Amino acid sequence: MCLYCYLCTRPTVCAGFTQTHRQTVCEGDGTVCGYSSNRMSGGALGIEIVLVFFLPLFLLHRYGHFRKQHPLVLFGTLLSWYLCFLIVFILPLDVSTTIYNQCKIDNEKPRSLTSSDPSNQTSNSSVFPTSTPKVCHKPWSYIPDGILPVFWRVVYWTSQCLTWLLLPFMQSYASSGGFSIPGKIKTALIENAIYYGTYLVIFCSLLIYLAAHPQWQLTWQGLQTISIAAANTWGLFLLVLLLGYGLVEIPCLYWNSSRHGYLLAKTYFKAAKLSKEKSDAEENMDDAMEEVANVNESIGYGHPLRISIDTILRKCPMEIQEKMVRPNTEDSEEESTQRTYPSKRSLVKLHKQVICAGQRHSQTQVQWAILLEEAFHLEDVCKNETNTSHQFVHSFLSSQPPGWLGKYLYTPTIEWYWECVLRQWCYRMLALLLSLLSVAVVWSECTFFSTHPVLSLFAIFIQLAESDYNYLYIEMACFLTILFLCVCVYSTVFRIRVFNYYYLVPHHQTDAYSLLFSGMLFCRLTPPLCLNFLGLIHMDASISHQQRIETAYTTIMGSMRLLSFIADGFYIYYPMLIVLLCIATYCSLGTRCLNLLGFPQYISQSDDLTSELVEEGRELIRRERRNRQRSEDRESRKRGWRERYGEQRNVRRSRNGYSELKDNDSPSDNSDIAQLTRRESGDHTGLLQDVDTTSLDPSDSPTQRYAGGRYLSLASSRTPIFNNV
């Protein structure tokens, strides 16, 4: 067994070791020690690239609609989310690979100093060196040199082209009310003219600023660095706002989720707000459909604008389309001259109005159904807390039959213990854990610039793991830290609502504009988020000012020392504002400001407006519960009558048929039965025939077709029933 490993550069001195291609092999047993082999080992990178794809695909399936939305919208959103998640999941591998490369460089420094000093070579007659170098074990997820820089360059610049150029154009294209592709492109270019013009002015100003300072060389690399610095500065400005909100809101959300009374009161509050939004959406839908009906009546099938009207009608609900069916006749010349026809621009505006109204109406309907189920479930939880049988009882039966998991594992007893006992304690423990992580992030954001001593908690954890070269711990610590930061930021992106322009609604109800806008935010927030994380663990040399090898990600970002006022000023001191944002979020300053501006927000039940909306929502939920209870009682009565009288009728028919077959067992009886069947079928056929109201003769044949609209009787006799009176 090899007792000592050393990267030997002098075969005459190191007789027991053989060096091949930067690796040390013990000649005793042939084991590789110290430096591992230089095989191409990018399997971990390939596996993560494939597995990460399913996460944005799942989110897009939850929020988007694969059948109704345009394929370009789905592809743009999926690609933007996928690139951002790739950065988050691959960055820990970059950190572990960088630490391994730093270990190799540190081992080469003592040998270079020893070989350069001849006195040390002559004085040291031992076979082994006096200073033992560190053993650098290659990480399991090692990525060879040259792969990560290309990978980061492709991912970063693709995401930046999406967020600054393509996605804004696709937003305007998707929300346009044009009827043709050239019309939508024209509308999108006009709407984004100011947007792209602002970029052009900023870029020209940067060129003039660089040309006016001769100490800065106007090179392509310098332009890239300035562009990246500008994009990261804008992203960091928004990142601190969202992160300061999420660091406090996420732990509070889980803590409040353990309080059933708080959840139920907030659900009542949401019901009152959503009821008003639903009524407004229905009114907007009715107004839009009324205008569509007027336009549909005014434009005939021979008019050139009829194609546009048909396009608008296809965006309307199916029941409204059936009501607006117009006779396929062309208008006469007099009618066409007397009517006033809408313009093309007004039809484009109406088309956009119909699309927005339909989307908003569908969103409110789905949200209302989901909120009702949530309110009913919370009320059931409150009722079952005092249940002594320890079995969870639901007020209404589920519309879907329970699966094998619900039958055998998630039984009513287990459901009672989870909903009434265990869930609140699990949520409280999770809230405390998230609170500790939030405190650690806030402390590290305020102290990450200090390298002597090291005050950042995450930098201390990584350096402790680096001393032992525990690459698995390094990658897990990096991944969990980035994951927590992403949850705080991305959850705010998914929960934030900008009136009705941007709102991510689950259950396939998010519109194209909101999907593309979320993709833009992801691409702008993820690069500065990862740079901020590298600063927290002291892996960004432009912030920590340490003489060590940089990660491949920071090399693609460029040296921020070119812009010293950004690297030494904004990137260090601006994240400290996160303390003020956390305090403001904890005191609900933003919520109170919105409440004062006329946007009702849930504060506490002591507030008058909040208590009024809670009571209103409680009455709405009670009314919906009574309606559903009546409908279920009606269905149960129908089912009971159907089962009761259906079984009696089947038993009577089976008894009669059995007695007839037993008593009349001759061949002639079969002909009688066939004749009876033909007679009954003839009577039933006559039931569906039309009857002439002017001449109703009882001697007529039952197969005669009448012109009236009356139905014949089921009785076999054709004699009028009042003849014997």
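Q: How do helix 8 and helix 22 lie relative to each other?
A: Helix 8 (residues 220-257) and helix 22 (residues 578-586) pack at an angle of about 45°, with their axes 8 Å apart, and they are therefore oblique to each other. Helices here are DSSP runs of H or I with at least four residues, numbered from the N terminus, and axes are lines fitted to C-alpha atoms over the stretch in contact, with angles from 0 to 180 degrees between N-to-C directions. Angles under 35 degrees count as roughly parallel, over 145 as roughly antiparallel, 65 to 115 as roughly perpendicular and the rest as oblique.

Q: Which residues make that contact?
A: From helix 8 they are V240, L241, L243, G244, Y245, L247, V248 and E249, and from helix 22 they are I578, L581, C582, T585 and Y586, where contact means heavy atoms within 4.5 Å. By class, these residues divide into 10 nonpolar, 2 polar and 1 charged; Ala, Val, Leu, Ile, Met, Phe, Trp, Tyr, Cys and Pro count as nonpolar, Asp, Glu, Lys and Arg as charged, and the others, Gly among them, as polar.

Q: Before we go on, where does the model come from?
A: This is a predicted model, in which local features need pLDDT of at least 70 and side-chain atom pairs count only at pLDDT 80 or more, while totals for chains, interfaces and linings use all residues. Residues are numbered from 1 along each chain as its sequence is written, and side-chain values use heavy atoms, with hydrogens and water left out.

Q: OK, what about helix 9 and helix 13?
A: The axes of helix 9 (residues 260-298) and helix 13 (residues 344-384) come within 7 Å and cross at roughly 155°, which makes helix 9 roughly antiparallel to helix 13. Their contact has 21 nonpolar, 10 polar and 8 charged residues.

Q: And how do helix 17 and helix 18 cross?
A: The axes of helix 17 (residues 471-495) and helix 18 come within 11 Å and cross at roughly 145°. The residues of their contact divide into 14 nonpolar, 2 polar and no charged.

Q: New topic: which residues does the cis peptide bond join?
A: The bond joins H452 and P453, with omega at about 0°, and P453 is found in the loop between helix 15 (412-447) and helix 16 (457-468).

Q: Where is H538?
A: H538 is in the loop between helix 18 (512-536) and helix 19 (541-544), and its phi is near 60°, a positive value in a residue other than glycine.

Key:
Helices (H or I, at least four residues) and strands (E, at least two) are DSSP runs, numbered from the N terminus.
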